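Welcome! Let's take a friendly walk through this structure, one piece at a time.

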Amino acid sequence: MRVVHYLNQFYAGLGGEEAASLEPRVVAGPVGPGRLLDQLLGELSGGAHRIAATVVCGDDHAAATAGVTERLLELVREQGAELLLAGPAFGSGRYGLACARLAAAGTAAGLPSIAAMHPDNPGLGEAGRAPVVAAGASAREMRPTVARLAAAAVRLAAGEELTGSDGRVSRTVRLGRIVERTGAERAVALVLRRFAGETDVTEIPLGGFDAVDPAAPVDTPAGALVALLTEGALVPAGNPDRLESARATRWLRYDVAGLDTLAGGEWESVDGGFATTAANADPNRLVPLDAARALEREGYLGRLHGEVLVTVGNGTTVATARRFGIEWGARLRKAQVQAAILTAT
Amino acid sequence: MERAGIPTAVITNLVSIAEQVGAPRIVRGGGIPYPAGDPELKPDAERAWRRRLVQRALDVVATPVERPTVFEVPTTNKPEATEAARA
C-alpha cells in the first residue's frame, strides 16, 4: 500500500519552536522517524507497504488554525494515500492533537489511518474512531514505538481490527463478560482493603494531573504583550455563541480592542457553577479589563492583547481543559503574546 | 499556557486547588464568584484594589518560580474600606 506519513516541523527537520507556525507542506518519501518506519514497514510486508510522501505542519499552526485538519487530509489524499500513519507524537500535546485529528478525519473518510502517541497525550480524546497505538513518553522510546506502529499498520492494511494487543490505547469496543463477584461484593472488598491501609486500590484509575514546568518570566510587564483569559464564562449579553454553562466542549474569543471597560448589561457570565450576580453587575470583577487598560495607558503594562479567550471551567473534564490550554497557548504564541492573566472562579 | 512558554498569573480564590493541579503562578483573588472584584468595597476602593491586583499579576509574570507559588495582594486600606462600606 501507498503510505503517507504525518510529522510536525520538528521531526521533519524543518525547525524547532521558531518554526511552529509552519504551514502544511508535502515532502517526497520518508523523513526523520519516517525512515525507520518505512524500513520496518518494508521488512514486515515484504516491500508491499512503503512511505510515498510525508505531510508536515508546524505545531502551533496545526493546533490553532480552523480547517487545518481538512487541509492536511486533502494533501494526504493528493499523494494517493491508501494508508495514513501519524506521529509518533509521544507526550507532545499540540502534535498529539494534530495526529489524532488527522487520523480521525482519515478514518471518517474511509482512509485506513493510525496515530501513535503516549496514552496520557491530550490528543487521545480527539481520535474519534481512529485507532491510536501507544508511544513512549518521549523520543527516547522511538525505536520500540515505531516498531509497534509499523506492526499495527501491517495488521490494519490487512483489514484487521486493532485491539489492545496491538498497543491500541484509543477507544475500543467494550464487550460484556461474566465475572464471579457482583459489583457490590467487589466494592465491599475494596473498602476493606482500603481500611487495611491499601489506599491506592481501585477498579477505575482516574487520570492524574501532570507536572507543569513553569515558563520563564517576562523581563518587565512594561514591555510585554499580555492577554486576559477566563474560565468564568464571560460572554456578550444574550450569549450569542451559546457557550455551555457547564462541561464545556469549546472555547470562544471576544474582541476587546478599543474597549476601556466591560460594561454591566453588555456582558454576562453564563457559568452555572457560581452566583453570577456580582460579576454581571460589573463584569470587570470577572475579567479586569478596566484595570488592565488603565495600567496599559500608564505604561505599566506594555500592550493588552486584542481578544479575551473565554471558556467555562464548571465541570469541564481535565482532558478537555488540557486541550483548551494547548489551543490557547498555540493561538497566543502565534499572536506573539508573552504573558497572560487568567481569572478562575 | 505555562507549558507553551507563556507565564500566566491565575487569579483565583481557590488557591489550594490551583496549587494541587500545579498552576505555577497563583494570585489570590477577591472572591470565588468575583476573582477580580469585591462588592463589599465602595466602587472607588474596589477599582483601586482591582488595579493593585492586576499590577500584582503583572509583577508575578515577571517573577521566576520553580513550583506552584501563591502571591498575595497587598490589602492596605482594605479592612477600613470594608468597614466604611458597611457603616
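This is a predicted model: local features need pLDDT of at least 70, side-chain atom pairs count only at pLDDT 80 or more; totals for chains, interfaces and linings use all residues.

In chain A, 6 strands form an open sheet with mixed pairing, and their order is E2-E3-E1-E4-E5-E6. At the edges you will find strand E2 (25-28) and strand E6 (132-134) of chain A, each of which pairs on one side only. On average, and with direction ignored, neighbouring strands of this sheet are turned by 25 degrees against each other.

Look next at one pair of strands. Strand E5 (residues 113-117) of chain A pairs with E6(A) in the parallel sense, over 3 bridges. A:Ala115 has A:Val132 in E6(A) standing opposite.

H4(A) has a helix partner too. Two packed helices are described by the angle between their axes and the distance between the axes. The axes of helix H3 (residues 68-78) of chain A and H4(A) come within 9 Å and cross at roughly 60 degrees, and H3(A) passes H4(A) in a right-handed crossing. From H3(A), the contact is made by A:Thr69, A:Glu70, A:Leu72, A:Leu73 and A:Val76. H4(A) brings A:Arg101, A:Leu102, A:Ala105 and A:Gly106. By type, the residues of this contact of H3(A) with H4(A) divide into 5 nonpolar, 2 polar and 2 charged.

Finally, how many residues of chain A are in contact with chain B? The count is 43 residues of chain A, in contact with 39 residues of chain B. On the chain A side, the elements giving two or more residues are helix H7 (277-281), helix H8 (289-298), helix H9 (318-334) and strand E13 (339-344). The residues on that side of chain A divide into 29 nonpolar, 8 polar and 6 charged.

E13(A) also pairs with a strand of the other chain: strand E1 (residues 8-12) of chain B, in the parallel sense and over 5 bridges. For A:Ala340, the bridge partner in E1(B) is B:Thr8.

How values were computed. Residues are numbered from 1 along each chain as its sequence is written. Chains are lettered from A and ligands numbered from 1 in the order in which they are written. Two residues are in contact if their C-beta atoms, placed from the backbone, lie within 7 Å. Helices (H or I, at least four residues) and strands (E, at least two) are DSSP runs, numbered from the N terminus. Ala, Val, Leu, Ile, Met, Phe, Trp, Tyr, Cys and Pro count as nonpolar, Asp, Glu, Lys and Arg as charged, and the others, Gly among them, as polar. Two strands pair if DSSP finds at least two bridges between them. Axes are lines fitted to C-alpha atoms, for helices over the stretch in contact, and angles run from 0 to 180 degrees between N-to-C directions. A crossing is left-handed if the near helix is turned anticlockwise from the far one by less than a right angle, and right-handed if clockwise.
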